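User: I'm new to this one. Can you walk me through it?
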Amino acid sequence: MTLVIHIDPNRDNTQNYKIITEKLRSGGTVVIPTETVYGLGAHALDPQAVKKIFSAKGRPVDNPLIVHISDTKMLAPLVDSVSSDAQKLIDAFWPGPLTIIFKRHKNVPAEVTCGLDTIAIRMPAHPIANQIIKISGVPIAAPSANLSGRPSPTSAQHVITDLDGKVDIIVDGGDSEVGLESTVIDLSDEIPLLLRPGGVSKEKIEKVLGFEIGSELPTVDNPRSPGMKYRHYAPDTMLVLLTGQDENTIRKKLLAEYIQLANEGKRVAVIASLEMSNEIRDEVVAEIMDGEDIHIVGTRRNLKTLGSCLFGLLRDLDIQGYDAILIGACPEKGIGVAIMNRLRKASTRII
Ligand code: TXA
Ligand code: MG
């Protein structure tokens with residue numbers, strides 16, 4: 001049985017926090033809300049507890065976990081050392097959506113890092129996550145709280161869909177604000193590398209460090225971030241990503257693809273920005289497209305809304321019985337880099 005606990009910030013949650021943190025301290029699994037996505041947490045220094053995370057998610061056993069802390073004082077027993085570059089990023093971005101990879105402390109169980117000599121650490125900004133870690137007084141290992149391969153959960157309902165009956169407690173703290181997973185930067189080696197784009201952009205990191213960083217999309221042979229080699233974030237429905245140099249090209253491709261699929265008798269959903277949807281409406285809606293199948297998410301000039309809604313929308317459309325979902329590429333700036341990274345991984349086809 002999974003217990004769902006709602007945390008209402010306007011109430012006294014002492015008793016709730018007591019139940020949650022006792023479960024964590026005693027080796028149970030608790031899903032916690034964070035500002036990026038929901039995380040499936042367990043006591044990071046308890047190997048048996050950590051193993052439960054892998055089996056609940058169906059996670060490949062070579063994919064290491066991020067350890068969450070609430071205070072930089074918790075770093076010492078987890079890492080070998082904190083470099084001056086790491087300290088700069090900690091000062092600038094913690095708490096927040098940035099995960100830093102360090103050389104690990106020898107006492108960290110191999111279950112957390114999958115035997116690697118490095119460890120991923122993040123300090124979430126979400127007040128509920130922060131309280132839970134602080135009161136438990138232990139570091140919390142937590143991957144995204146989805147079944148492996150599915151889009152990361154940005155609401156408690158998404159988690160319930162994937163993990164009800166598979167974890168001890170789900171903490172409902174409302175919708176995740178960022179909606180995409182944290183940026184992962186590897187500082188364990190001499191050359192810093194961006195392993196996953198996310199809530200903190202590469203430009204912002206480079207500004208703080210004072211030099212440019214490389215990014216690596218890990219290969220199957222030599223993955224510095226093992227998780228990135230798996231197909232990810234994917235809805236069951238066919239997802240088609242339309243790309244192009246400019247908005248006009250993308251819109252034309254999207255319409256052509258829509259018409260072709262519709263002619264084949266397929267039911268097609270379109271995810272479009274405000275600007276694009278107006279143009280699409282003008283061109284064809286009256287003739288062929290059912291207005292209800294166009295889902296408008298934010299504008300191309302401000303991609304925050306698309307970032308926070310994307311995974312939820314993919315999940316929603318998935319259960320509405322569409323044959324295909326079409327989405328146009330967005331500009332690869334700021335959070336747009338992370339959005340495009342997730343879309344490429346989630347797509348069945350890229351045109
Ligand atoms: O926003 C987030 O990061 C969320 C919330 C819950 O904090 N967590 C999350 O965890 O997205 P997960 O497990 O879904 O993604 C962690 C990524 C994976 O790609 C994993 O391979 C990589 O971080 N990773 C973890 N430890 C690593 C290590 N020691 N070296 C390289 N990559 C590592
Ligand atoms: Mg994940």
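Predicted model: local features only at pLDDT ≥ 70, side-chain atom pairs only at ≥ 80, totals over all residues.

User: Start with the inside. How many residues does the largest nonpolar core have?
Analyst: That core has 59 residues. Trp94, Phe102 and Ile205 have the most contacts inside it.

User: Which helix gives the largest share of this core?
Analyst: Helix H2, residues 47-57. Five residues of the core come from there.

User: Why would such residues sit together?
Analyst: In soluble globular proteins, nonpolar side chains tend to be buried together.

User: Back to isoleucine 205. What is it in contact with, leaving aside neighbours within four places in sequence?
Analyst: Leu89, Phe93 and Leu98 are on the list.

User: Switching to strands. In what order do the five strands of the open sheet come?
Analyst: The order is E14-E13-E15-E12-E16, and the pairing is parallel. Strand E14 (294-296) and strand E16 (349-350) are the edges. Each of those two pairs on one side only.

User: How many bridges join E12 to E15?
Analyst: Five. E12 covers residues 238-242 and E15 covers residues 324-328. Leucine 241 stands opposite isoleucine 327 in E15. Isoleucine 327 also belongs to the core of 36 residues.

User: Which helices lie across E12, E15 and E16?
Analyst: Helix H8, residues 247-263, lies across those strands and also strand E13 (268-272). Its direction is at about 170° to E15. Helix H11, residues 335-346, lies across E12, E15 and E16. H11 runs at about 135° to E12.

User: New topic: holes. How many cavities of 30 Å³ or more are there?
Analyst: The count comes to one. The largest cavity holds about 120 Å³ of space. Its lining has 14 residues. Nearest its centre are Ala272, Ser273, Arg300, Leu306 and Gly328.

User: What about the second largest pocket: how much space lies in it?
Analyst: About 460 Å³. It is lined by 18 residues. Pro97, Val178, Gly199, Lys204 and Lys304 are the closest to its centre.

User: Which helix gives the largest share of that lining?
Analyst: Helix H10, residues 304-318, with three residues.

Terms used
Residues numbered from 1 in each chain as written. Chains lettered and ligands numbered in written order. Heavy atoms only, no water. Core = buried A, V, L, I, M, F, W, Y, C linked by side-chain atoms within 4.5 Å. Buried < 20%, exposed > 50% of the residue type's maximum accessible area, 1.4 Å probe, protein only. Helix = DSSP H or I, 4+ residues; strand = E, 2+ residues; numbered from the N terminus. Contact = heavy atoms within 4.5 Å. Pairing = 2+ DSSP bridges. Axes fitted to C-alpha atoms, helices over the stretch in contact; angles between N-to-C directions. 1 Å grid on protein atoms, 1.4 Å probe; cavity = no way out; pocket = protein on both sides within 12 Å on 5 of 7 lines; lining within 4 Å. Points joined across faces, edges and corners; volume = space filled by probe spheres on them.
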